[in-house]
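Biologist: I have a structure open and would like to go through some of its details. Can we take it piece by piece?

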Amino acid sequence: MTVSRTICLGFLAVITAGALLLMMPFSTSDGTWSDPITALFTSTSAVCVTGLSVVDVGKYYSFWGQLCLVLLVQIGGLGYMTATTFLLLLLGRRFGLKDKIALQQSLDKSGLAGVLQLVQSILATTVLFELTGVFLLMSVFVPEFGFQDGLWSSIFHSVNAFNNAGFGLYSNNLIRYVNSPMINFTIGGLIVFGGIGYQVIMELYLWLRDRFNRSPICTVFSLNFKVVTSTTAVLLILGMLGFLVLEYNNPATLGSLNFAQKLMAASFQSITPRTAGFNTIDIGKMSETALFLTIALMFIGASPGSTGGGIKTTTFRILFSCTAAVLEGQEEVQCYQRQIPPALILKTISVMFGSLMVVIVSATLVELANPELEFIQVLFESVSAFGTVGLSTGITAKISAIGKLVLIATMYVGRVGVLLLMSATVGDPKPRNFKYAEESLLVG
């Protein structure tokens, strides 16, 4: 039982337990047993923090079903190893070397030092952001639905937003709040902070603390921080401008709004492909060009060590830097005056290639099982599942049982990661004691 197999099987165990709970009569609003595929699809979507759903969550599930959904999203957002560590800390169990190695690999940390402290910081950060989101959202939901329902709606949407899951309690998601600055900025802010990664948040906190205390020793940002923040900012700005231009005159999306509202809606639509899944405009009525732009943003996804999916912003940035190095005639790949190790470049290419293969196979199988659906919609659904985004053009419930099983597998692969799943399947790599002769070939 390797570390990668422990993580993969752990996610499967949580998904199975969640599916069994969501099947129970107490989880449904009408008190009947739920369809197994529906329960499995919803549980997978929750644990993989995706947000795709074949039913109307607010109407189909009772309070207990919705509570189960929130807990599954929270476990999925923290990650199996982080959630397990939290439970073991509560039980007072001491951690051995194998436990720390598993945590180190699941958190993508370079060393074993400070792993448990990092877990405690992650839990504290999660609670802080989610509670802040709850109090801000209550200012909108409580006056509209009353204290009890408004409080629950605030908790449900805050947890889903920070963990980059797109489950909503309303049939049209957040379309009714397209003109609400509080909803747009609160949900959008939670999505962004949840998607940039805990280590980036920690570095930002330390920098602000040193500035506030006027410390003579300034915090030096890591390369990961610089790449994640700059790439995220560029993608958000380009995405906002793209949606604003493409949907400006579309009466079904942005056309009926004034300029300030269009800007706010376009900004939110650029944020949500960070793998969140919330939407304030009708995705199914967007132009095909805007859908393709959303597909590209969903495929890139969030950042490493975050609650989001996709190939990650760092992967995209390294590939961009590799292209720039070739065009400039350089043999080394550089970023912010730092050289990228060759092993990391190989890992980046593997992630990109594996992710493309997963999306291609997923979209092909879903289209074969549902030939009546348009391919752009099927591709959108498959990328949304792989990137654990949760955005949909409205075809999720129309997909056949076989197509739903394909999407379930796609969500699972997208959450645990292509390389981690391959490592769990193949086993740990064995070093070679020899080296082959080098030979060139034509490329491009």
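Biologist: Is Tyr170 buried or exposed?
Modeller: Tyr170 counts as buried, at 14% relative accessibility. Buried means under 20% relative accessible area, exposed over 50%, and partly exposed in between, with a 1.4 Å probe and protein chains only. This is a predicted model, where local features need pLDDT of at least 70 and side-chain atom pairs count only at pLDDT 80 or more, while totals for chains, interfaces and linings use all residues. Residues are numbered from 1 along each chain as its sequence is written, and side-chain values use heavy atoms, with hydrogens and water left out.

Biologist: And what is the relative accessible area of Phe141?
Modeller: For Phe141 the figure is 1%, so this residue is buried.

Biologist: How many aromatic pairs are there in the whole structure?
Modeller: A search of the whole structure gives 16 aromatic pairs. Rings of Phe, Tyr and Trp (its six-membered ring) pair if their centres lie within 6.5 Å; planes under 30 degrees apart are stacked, over 60 edge-to-face, and the rest tilted. One of the pairs is Phe129 with Phe193: the ring centres are 5.0 Å apart and the planes are at 35°, so the pair is tilted.

Biologist: Where do Phe129 and Phe193 lie?
Modeller: Phe129 is in helix H7 (residues 115–145) and Phe193 in helix H9 (residues 181–196), so the pair ties together parts that are 64 residues apart in sequence. Helices (H or I, at least four residues) and strands (E, at least two) are DSSP runs, numbered from the N terminus.

Biologist: Which class of accessibility does each one get?
Modeller: Phe129 is buried, at 17% relative accessible area. Phe193 counts as partly exposed, at 33%.

Biologist: Back to Phe141 and Tyr170: how far apart are the centres of their rings?
Modeller: The centres are 6.1 Å apart and the planes are at 50°, so the pair of Phe141 and Tyr170 is tilted. This pair links distant parts of the chain, 29 residues apart: Phe141 is in helix H7 and Tyr170 in the loop between helix H8 (147–162) and H9.

Biologist: Which residues do ring pairs link into a cluster?
Modeller: Phe63, Trp64, Trp152 and Phe156 are joined into a cluster by ring pairs.

Biologist: New topic, helix packing. At what angle do H11 and H12 pack?
Modeller: Helix H11 (residues 223–246) and helix H12 (residues 259–271) pack at about 130°, and their axes are 8 Å apart. That makes H11 oblique to H12. Angles under 35 degrees count as roughly parallel, over 145 as roughly antiparallel, 65 to 115 as roughly perpendicular and the rest as oblique. The axes are lines fitted to C-alpha atoms, for helices over the stretch in contact, and angles run from 0 to 180 degrees between N-to-C directions.

Biologist: Which residues of H11 and H12 make the contact?
Modeller: Among them are Leu235, Gly239 and Phe243 of H11, and Phe259, Leu263 and Ala266 of H12. Contact means heavy atoms within 4.5 Å. The residues of this contact of H11 with H12 divide into nine nonpolar, four polar and one charged. Here Ala, Val, Leu, Ile, Met, Phe, Trp, Tyr, Cys and Pro are nonpolar, Asp, Glu, Lys and Arg charged, and the others, Gly among them, polar.

Biologist: How do the axes of H11 and H13 cross?
Modeller: The axes of H11 and helix H13 (residues 288–300) come within 10 Å and cross at roughly 165°. H11 and H13 are therefore roughly antiparallel to each other. Their contact includes Leu235, Gly239 and Phe243 of H11, with Ala290, Leu293 and Leu297 among the residues of H13. By class, this contact of H11 with H13 has seven nonpolar, four polar and no charged residues.

Biologist: Now Thr38. Which helix is Thr38 found in?
Modeller: Thr38 belongs to helix H2 (residues 36–47). At 10% relative accessibility, Thr38 counts as buried. Not counting residues up to four places away in sequence, Thr38 touches Val54, Val55, Tyr60 and Tyr61.

Biologist: Where is the place of Gly51?
Modeller: Gly51 sits in the loop between H2 and helix H3 (57–60). Gly51 counts as buried, at 9% relative accessibility. Leaving aside neighbours within four places in sequence, Gly51 is in contact with Ser45, Gly166, Phe167 and Gly390.

Biologist: Last one: is Ser400 buried or partly exposed?
Modeller: Ser400 is partly exposed, with a relative accessible area of 23%. Ser400 lies in the loop between helix H16 (375–386) and helix H17 (401–416). Apart from neighbours within four places in sequence, Ser400 is in contact with Ala369 and Asn370.
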